[in-house]
Amino acid sequence: MTEAGTVPVIETRGLTKRYRGGQLAVDGLDLAVPGGSVFGFLGPNGSGKTTTIRMLMGLIDPTSGTASVLGRPMPDAARTVLPQVGALIEGPALYGFLSGRDNLVRFDCADPTADPRTRGARVGDALERVGLAAAAGKKARAYSLGMKQRLGLAAALLRPRRLLVLDEPTNGLDPQGMREIRALIRELAAEGTTVFLSSHLLDEIEQVCTHAAVMARGRLITQGPVADLAAGSLGRLAVTTPDAADAARVLKEHGITGITLDGDRVRADAPAGTVELADLNAALVHGGIRVRSFGVERASLEDAFVALTGEGFDVAG
Amino acid sequence: MSQAELAPAGTTTARLGPLWTLGILRSELTTTLRRWRTLALLGVLAAVPVLIGIAVRIETADGSPAGPGGGGAGPAFLSQVTNNGLFLVFASLAAVLPVFLPMAVGVIAGDSVAGEAGAGTLRYLLVAPAGRTRLLLAKYAATLVFCLIATLVVAASALAVGALLFPVDDLTTISGTRISFGEGLLRAVLVAVAVAASLIGFAALGLFVSTLTNSGIAAMAATVGVLITVQILDAIPQLSGISPYLFSHYWLSFSDLLREPFYWDEVLKNLELQALYAAVFGSAAWARFTAKDITA
């Protein structure tokens, strides 16, 4: 287990995809997803996340570069690798004229290594796991978007998997459904399954992921443990005081940058780690400033993201 | 090192039985046959013999022979239906073979890959992983089985209607000899198989068209369009030079199986031509599908 944690479950080297129109969708991607992690794959729409996932799953041939999944090259080793990988790519796709159960049977039949003798039981378990057992006999076309999403997840869980690739798994789910799916992801991760989770919901990544990578315009901007990424962008120092102007002056004297005033709130870039925050507070009080509250607001992944991409979370142009 | 560590612990990936492709073929077939569209197509095909049978029955109610001017000009075998209901099988197959039957096959073949791509289910089959060659083979095989089912549906419907509306008896072959009803039935089955085999090439063509697009409707329309174009080309006398190479050229050769003894020449030519089409368009479909980026 500890050994496996050091070996990347997904590794790409210079992975590049240029579509026939000349559009560069993914540009020299070097991704390393550690075994046992819940890996968040972040990026605005159009940043190349889905193209990357399709290359990892052998659906698209890379223009150059290599990708390996579970230590084997893709797409060459697709036949041995993919049975151990469950995937939800760009939303669920179902046969509307088949029941939920028959949809799963169909996808399981497609896997030549799936044992037909255990098929019924495995399909039942997967439906149970995503909370669809009661609606298993209904035609899939009558499913709501959330139910379709769950059925797509069930298809990814038909067999015990070593890697789950989930593209926007909570899309279309209500808040209760989102919580259930996140709990399911944590549960699977606890069983030792590596989860590769793409999402544009930053708080979702923050809640469930141990590691994350950020993409923008086809390039990888950063990757690493979530805690490191958030720490990379320093938080904001926030002081609430009736003597805001004086406080700003004192902070400036102590070399604090990025000071903004807003009524009785003074905000500034958090000082580097070498500065003891308590000393700063003492300096303020010594200067006769009445401090109502003092502290550093932790940087969220969103701050980190904006700092890294230098842009909002919009569609790349 | 990493390979050894990450190799599958059990036998989950090593267990590829010799029947590795049968599960997916059965799945293809049941999925195809459970669509309303497929059932509707088969329903239309089954209705053709009923219509022909009733029309002939009404027209000959006054004792006049079937077909305009006592036969010859009408569809093949029509004039003999009143004498023997078994001939409704041959008349019906001759009636559906130029258009209805290949159209149904074109819908199934054209939609086979493109329809799944359009619905997005193709990507889930491929990451299952179905394997591209295996999936394509299963889809082609399922289409061929559909050809046979469709032909048998027409034949069975015609046999039932023929037996209901007309006398059923020993029959006279085209060569003029008489064979027993039992042997006539055997001939009917043989003819149905020959008709189904006539569609092998066209099914491969439809499958190839299906790998070219992500729209099932476009693939179906294109496949049926090719069918109509080829039928027109085959009918233009000035183009007789190319007509022996058109997949529909020998379609009606099945009537030679009603001679005594069998006249195999054109039937075999038909099979050769179908095999050629299957080889050419099957390879083209394979080359296209195995190299294709699945972006839908």
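The model is predicted: local features need pLDDT of at least 70, side-chain atom pairs count only at pLDDT 80 or more, and totals for chains, interfaces and linings use all residues. Residues are numbered from 1 along each chain as its sequence is written, and chains are lettered from A and ligands numbered from 1 in the order in which they are written.

**The two chains**

Chain A has 12 helices and 15 strands. Here helices (H or I, at least four residues) and strands (E, at least two) are DSSP runs, numbered from the N terminus. The C-alpha trace of chain A spans about 80 × 45 × 40 Å along its principal axes. Chain A holds 317 residues, and 45% of them count as buried. A buried residue has 20 or more other C-beta atoms within 10 Å of its own; an exposed one has 12 or fewer, and a partly exposed one falls in between, with C-beta atoms placed from the backbone.

Chain B has 11 helices and two strands. From the N terminus on, its elements run α-α-α-α-α-α-α-β-β-α-α-α-α. Of the 296 residues of chain B, 45% count as buried.

Contacts tell how each chain folds back on itself. Two residues are in contact if their C-beta atoms, placed from the backbone, lie within 7 Å. In chain A, take the contacts between residues at least 6 apart in sequence: 69% join residues at least 24 apart. In chain B, take the contacts with a separation of 6 or more: residues 24 or more positions apart account for 76%.

**Where the chains meet**

The contact takes 31 residues from chain A and 33 residues from chain B. On the side of chain A that touches chain B, α1 (2–6), α3 (78–81) and α4 (100–110) each supply at least two residues.

**An enclosed helix in chain B**

Among the buried residues are B:Phe87, B:Phe90 and B:Val96. What covers the buried residues of α4(B) includes α3 (36–59), α5 (100–119), α7 (132–165), β1 (171–172) and α8 (181–197) of chain B.

| Site | Backbone value |
|---|---|
| A:Met74 to A:Pro75 | cis, omega near 5° |
| B:Ala128 to B:Pro129 | cis, omega near 0° |
| A:Leu70 | phi near 55° |
| A:Arg217 | phi about 50° |

A:Pro75 is found between β6 (72–74) and α3 of chain A. B:Pro129 lies between α6 (121–127) and α7 of chain B. A:Leu70 lies in the loop between β5 (64–69) and β6 of chain A. A:Leu70 is buried, with 26 other C-beta atoms within 10 Å. A:Arg217 lies in the loop between β10 (211–216) and β11 (219–225) of chain A. A:Arg217 is partly exposed, with 18 other C-beta atoms within 10 Å.
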